[in-house]
Amino acid sequence: MAEPASELYEAVNLGFSGTTIVSGKGIGIVVATGKETALGTIAKLVTETKRVSGFATGIGRFSSFILRLVVITIALMFFANLIIKGGDVRVGEFFIFSIALAVSAIPEALPVVTTFSLSRGALRLAKHKVVVKRLSAIEDLGSIDVLCTDKTGTLTENRLTVAETYAADPHHALFLAALGSPQSSGKKDVNNAFDRALWDALDSEQQQQVNGFRQIAELPFTPERRRNTMLTAASDGTFTLIVRGAAETILPLCSGLAHHLQPEVENWIDQQGRQGRRVLALALREHADSTLHEEDEHDLRFLGLVSFVDPVKKSTADAVEKAKQLGVTIKILTGDGPDVAGAVAKTIGLVENENDVMTGSQLEERPAVEQLEAVERIAVFARVSPQQKYRIIQLLQQRYQVGFLGEGINDAPALKIANVALVVESASDIAREASDIMLLQKGLNVIVDGIKEGREVFANTTKYIKSTLASNFGNFYTIAVVSLFINFLPILPIQILLINLLSDFPMIAVATDSVDSEELQRPKSYDVKKIALVATLLGLVSTVFDFVFLGVFFHSGPQVLQTMWFLESILTELLFLFSIRTRGVFWKAKRPSTPILWLTVLAAIVTITLPFTHIGQTEFHFARPQAWAMAALFIIVILYFAASECVKLLIYRYLQREQKHYSAI
């Protein structure tokens with residue numbers, strides 16, 4: 001008695017909507033309709049699943065953190081001034097000052113930087129045949145820890161080729177195997193993968209010889225027969241019966257197989273199976289006339305075996321190694337058998353043993369706790385259904401950011417739940433609808449390059465966040481505190497807004513910056529605590545030098561203090577960008593992008609020149625700086641840059657030790 005089918009595809013008594021009946025007749029019973037069908041279940045998973053972008057979540061956390069901090073600080077400063085100074089405070093003027101101060105602290109260029117950075121990334125990916133449907137998916141791609149992918153077409157060529165031939169005369173065996181193809185005699189429109197491979201394995205002379213035969217009749221391949229039989233006629237009028245199919249089906253029909261060859265043949269078949277190859281057995285016999293019946297398939301003469309392989313793409317092994325360097329784990333989710341999937345995984349260096357494969361049914365048999373352990377440990381899953389793909393990704397997402405590459409209707413639920421959904425151009429409509437990124441050129445190397453691109457986008461975005469938070473918050477807190485103890489505004493509202501304008505030009509250009517290789521080695525995510533720690537400590541350095549600056553220029557009068565504070569705020573922020581753009585010593589980092597260099601120089605020239613102009617003195621209320629003041633300014637700015645660089649190196653050294661400690665645990 002046959003065991004009950006555990007999966008829908010194993011049930012031989014079920015027909016699916018859209019199935020084409022090519023022969024015979026029968027009576028069917030409808031067992032499910034609409035959402036209760038297999039297709040309905042897939043559609044239900046797709047519609048009920050909502051994807052949350054990791055990029056949007058991270059930026060949202062930062063925005064709420066900064067907004068709360070600024071609002072609370074401004075409110076406290078406003079009321080503290082009212083309490084301390086009482087009637088001396090000009091409420092209207094101070095209110096405008098508070099608003100301008102709040103604007104200076106908020107990184108208002110963040111949307112511009114992220115949008116420009118993501119758009120630039122999308123343009124670069126497009127040049128590599130990758131189309132991005134959702135811009136934020138580029139940065140999400142850079143944050144993935146696990147990439148789940150199908151095997152066929154992504155890791156392999158999706159093109160069968162003849163691997164080996166077991167026969168007394170291999171060339172003659174291939175010739176007869178191609179002659180037994182049910183395709184047209186011209187072989188111009190061969191669409192069966194096996195027949196295409198056989199035809200390509202022939203030389204031009206053999207191809208011409210095949211065309212010299214006539215195909216008289218055929219018994220086609222069916223899942224039950226597992227073979228096809230072709231009756232051919234030569235030019236001399238002789239008839240030959242060529243039978244091709246699964247070895248376990250063909251061998252029992254052969255009468256001429258020597259006893260000592262049986263173990264050798266079986267060993268050869270097993271060896272090919274362990275390499276993930278498919279085997280086609282060949283047999284023939286002379287036939288008396290032009291009629292063909294299934295009863296004629298007996299007393300065959302064993303001719304040989306042909307194995308086929310779907311070659312692994314040359315770029316796949318390198319892409320797997322590159323993914324390891326980027327800290328990305330690759331997992332294969334395929335509907336193919338365990339032997340084929342395991343062999344491919346071993347070939348590309350994904351597993352050491354081709355037997356380290358788990359089927360979808362084996363995973364489902366495990367308890368929930370063991371399922372989570374299995375999806376983390378196992379790299380190759382074979383014979384997986386759409387629901388099982390969905391479940392595997394769902395389990396992985398409990399601890400990781402997951403990307404998934406699919407193409408069929410069956411992949412739609414898994415695509416919808418994945419943090420980043422990737423499809424190929426030939427994917428089904430429902431799969432493309434659920435996707436974030438479309439690959440016009442199918443290959444693992446394209447995806448890995450996309451991951452690297454996403455991490456560059458992330459690195460440049462965090463450069464802006466750290467730079468603007470450290471610089472703005474350093475000045476923000478200094479001005480807020482100083483306003484409590486002096487009877488004039490330390491800097492005018494219009495000057496605050498001008499600082500924001502001039503310093504944001506090179507900040508926006510950070511989206512074009514080059515990225516150090518160490519920034520690309522690990523999956524990236526917005527860690528609010530770490531970025532806030534870096535920005536706060538470096539902001540304190542800025543605050544300390546602001547007070548030093550205040551001590552130098554306080555007695556020079558309000559207008560001089562305001563002018564020099566304007567100059568110091570912009571120049572320190574421009575220099576600080578060259579420090580924060582790398583975790584190491586600034587002169588060892590990759591060269592900054594050309595837009596950053598030019599815009600920094602331009603902003604610095606405008607900043608230094610403006611107080612000496614008539615417009616600067618009348619419209620922005622600057623005082624003309626004296627020589628000693630400019631000399632003191634440059635000394636303080638250089639000392640600030642040196643101090644910031646030292647503190648930055650200490651911070652990252654501490655964070656690196658902490659990360660190694662937690663990794664060891």
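**Briefing on a predicted model**

Gly349, which follows helix H12, has a positive phi, near 85°. The model is predicted: local features need pLDDT of at least 70, side-chain atom pairs count only at pLDDT 80 or more, and totals for chains, interfaces and linings use all residues. Residues are numbered from 1 along each chain as its sequence is written, and side-chain values use heavy atoms, with hydrogens and water left out.

**Confidence**

- The protein chain has a mean pLDDT (the predictor's confidence in each residue, from 0 to 100) of 80, and 83% of its residues reach 70 or more.
- Among the elements of the chain, the highest mean pLDDT, 92, belongs to helix H22 (residues 594-609), and the lowest, 62, to helix H1 (residues 38-48).
- Residues 661-665 have pLDDT below 50, and this stretch has zero contacts in the model (heavy atoms within 4.5 Å) beyond near neighbours in sequence.
- Where pLDDT is low, the predicted coordinates should not be read in detail.

- Helices (H or I, at least four residues) and strands (E, at least two) are DSSP runs, numbered from the N terminus.
- Helix H12 spans residues 338-347, and Val340, Ala341, Gly342, Ala343, Val344 and Ala345 in it are buried (under 20% relative accessible area, with exposed over 50% and partly exposed in between; 1.4 Å probe, protein chains only).
- The cover over these buried residues of H12 includes helix H10 (261-274) and the strands E9 (329-333), E10 (357-359) and E11 (380-382).

**Packing of H14 against H15**

- Helices H14 (residues 368-377) and H15 (residues 386-396) pack at an angle of about 90°, their axes being 9 Å apart; axes are lines fitted to C-alpha atoms, for helices over the stretch in contact, and angles run from 0 to 180 degrees between N-to-C directions.
- H14 and H15 are therefore roughly perpendicular to each other (65 to 115 degrees; under 35 is roughly parallel, over 145 roughly antiparallel, and the rest oblique).
- H14 contributes Gln371, Leu372, Val375 and Glu376 to the contact, and H15 contributes Arg391, Ile392, Leu395 and Leu396.

**Cysteines**

- A search of the whole structure finds zero disulfides (pairs of cysteine sulfur atoms within 2.5 Å).
- Cys148 counts as buried because its relative accessibility is 0%, and Cys254 is buried with a relative accessible area of 12%.

**Gln562**

- Gln562 lies in helix H21 (residues 558-580) and counts as buried at 7% relative accessibility.
- Leaving aside neighbours within four places in sequence, Gln562 is in contact with Phe488, Leu489, Pro490, Ile491, Leu492 and Gln495.
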